[in-house]
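Subject: Structure for your files

Hello,

Here is the structure I said I would send. My notes on the helix packing and the ligand site follow it.

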Amino acid sequence: MHTPTRRLFLGAGIAGGAALVAGCTDDTPSPEPGAPSASEIDPRAWDPQDWESIRAQFLLDPTLAQFAAFVLSPHTRLLDAAIADHRDQLGRDTEDALLVGYANDDAVREAAAAFAGGDSSQYALTGSTTMGLAIMYGGLALGEKDTVLTTTHDFFATEDSLRLLNQRTGARIQRIDLYDDPADATVDDMTKRVLDAVTPRTKVVALTWVHSSTGVRVPIQEIAAGLRDDVLLCVDGVHGFAAVDVDLPDLGCDFLSSGTHKWLFGPRGTGILWGADWAPLTEIIPSFSGPDGPARLTPGGYHAFEHQWAAKDAFELMQSIGRTRVVERTVQQATQLKEGLAGLDGLTVITPSDPAVSAGIVCVDVDSMLPANVVQELRTRGVVASATPYRTSYLRLGPSIATSPEEVDRAVAALEEIAA
Ligand SMILES: Cc1ncc(COP(=O)(O)O)c(C=O)c1O
């Protein structure tokens with residue numbers, strides 16, 4: 001049991017939010033130019049049932065269609081208010097604010113479990129996906145005879161963590177392709193490729209849930225179901241977390257690291273590491289709760305606590321909208337975008353059209369144009385996108401709760417013009 005926090009404003013989470021929401025919708029700030037300034041807007045005046053009201057929670061420039069918002073959380077007004085409240089308390093009486101620190105950490109872990117499933121003891125608090133991956137791969141006990149099976153599609157944070165794991169333990173790192181053409185990736189083929197590559201020496205399978213290089217979603221559940229019990233399945237889950245509607249324990253993996261500063265739109269510099277059972281991991285960063293404490297995988301030391309503790313409010317905000325609705329909104333727009341682009345000349349959609357093997361990320365190749373140049377061209381047309389940071393780079397758009405179906409149409413029209 002954690003003691004309730006003493007924050008004044010943050011009672012306006014799920015429970016308090018309902019009372020505040022009622023009667024507030026008329027005051028919902030307009031996303032149009034000339035909208036009230038940030039300081040004039042009451043962050044609590046929002047309606048979790050109304051997508052425009054949800055979009056108005058972001059400080060994002062409303063004249064731009066923000067398809068790169070998922071890259072690093074632009075924060076909601078409620079989140080910034082929660083951070084400000086913690087910052088004020090830390091500033092006014094630091095010692096007293098730190099006294100409730102453990103309770104605040106517990107509250108974050110409980111909010112995480114309420115949102116993403118499992119028990120709060122299965123959540124360690126990290127600063128990013130990358131930090132969680134380092135804790136996960138850095139804490140595994142392997143030997144020279146062991147193999148880690150991974151893929152050619154992962155972000156460098158996984159690649160480099162595995163390089164260090166090999167350096168530390170001598171374990172062999174084996175890489176396979178999960179697909180030849182991302183657009184043709186299927187659940188069955190990806191599952192088969194992983195399971196066929198497993199040998200008696202395979203002790204760890206290291207995967208990324210949704211590839212930021214292509215937008216392909218890897219069938220973690222199906223792969224987990226086919227693995228031997230003694231093989232640990234470790235996942236970089238950042239582009240699936242709050243973009244796929246599933247409880248983490250149902251995924252079947254052993255560990256999953258995710259920043260909470262991407263699709264969850266939580267505080268920048270925060271993340272979670274979920275573990276089905278922490279036993280296989282030795283901590284690499286001393287924890288404040290000691291080697292036997294429930295939070296032994298949460299790095300100790302002092303942090304930007306105003307951000308760490310406000311992650312609770314980000315989870316609660318998403319909960320009040322509803323995880324299923326958030327994911328449906330994301331996937332509906334991603335599908336609309338892929339369908340809108342599918343018939344256009346001069347470009348190729350790289351991400352599969354099937355939602356079973358994709359999530360919110362949509363990657364596009366525009367013929368004979370560098371993705372970075374397409375990003376610039378799009379910006380002049382009021383559309384913000386990004387380019388993937390991989391050897392083969394693609395244009396990348398991420399529809400989310402910060403964008404609208406009208407903006408998806410705008411992105412399609414802009415790309416039609418650019419690619420023509
Ligand atoms: C697949 C993947 N994992 C991890 C990261 C890094 O996330 P974080 O900033 O939370 O470490 C990124 C991109 O930023 C990514 O695309």
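Helices here are DSSP runs of H or I of at least four residues, and strands are runs of E of at least two, numbered from the N terminus. Axes are lines fitted to C-alpha atoms, for helices over the stretch in contact, and angles run from 0 to 180 degrees between N-to-C directions.

This is a predicted model, in which local features need pLDDT of at least 70 and side-chain atom pairs count only at pLDDT 80 or more, while totals for chains, interfaces and linings use all residues. Residues are numbered from 1 along each chain as its sequence is written, and side-chain values use heavy atoms, with hydrogens and water left out.

Helix packing

Helix H6 (residues 129-138) packs on helix H7 (residues 156-169) at about 25°, and their axes are 9 Å apart. The H6 and H7 crossing is right-handed; the near helix is then turned clockwise from the far one, whereas left-handed means anticlockwise, by less than a right angle.

Helix H5 (residues 101-116) and helix H11 (residues 305-321) also pack at an angle of about 25°, with axes 8 Å apart. H5 and H11 are therefore roughly parallel, and their crossing is left-handed.

For helix H13 (residues 371-380) and helix H14 (residues 405-419), the axes come within 10 Å and cross at roughly 125°. That pair is therefore oblique, with a right-handed crossing.

Ligand site

Which residues surround the ligand? They are Ser128, Thr129, Thr130, Phe155, Thr208, Ser212, Asp236, Val238, His239, Gly259, His261 and Lys262, each with a heavy atom within 4 Å of it. By class, this shell has 2 nonpolar, 8 polar and 2 charged residues (nonpolar: Ala, Val, Leu, Ile, Met, Phe, Trp, Tyr, Cys and Pro; charged: Asp, Glu, Lys and Arg; polar: the others, Gly among them).

An N or O atom in the side chain of Asp236 is 2.5 Å from a nitrogen atom of the ligand. Taken alone, the ligand exposes 390 Å², of which the protein buries 85% (Shrake-Rupley method, 1.4 Å probe).

Regards

Notes. A polar contact is a pair of N or O atoms within 3.5 Å; within protein, one must be able to donate a hydrogen and the other to accept it, and residues adjacent in sequence count only if both atoms are side-chain atoms. Angles under 35 degrees count as roughly parallel, over 145 as roughly antiparallel, 65 to 115 as roughly perpendicular and the rest as oblique.
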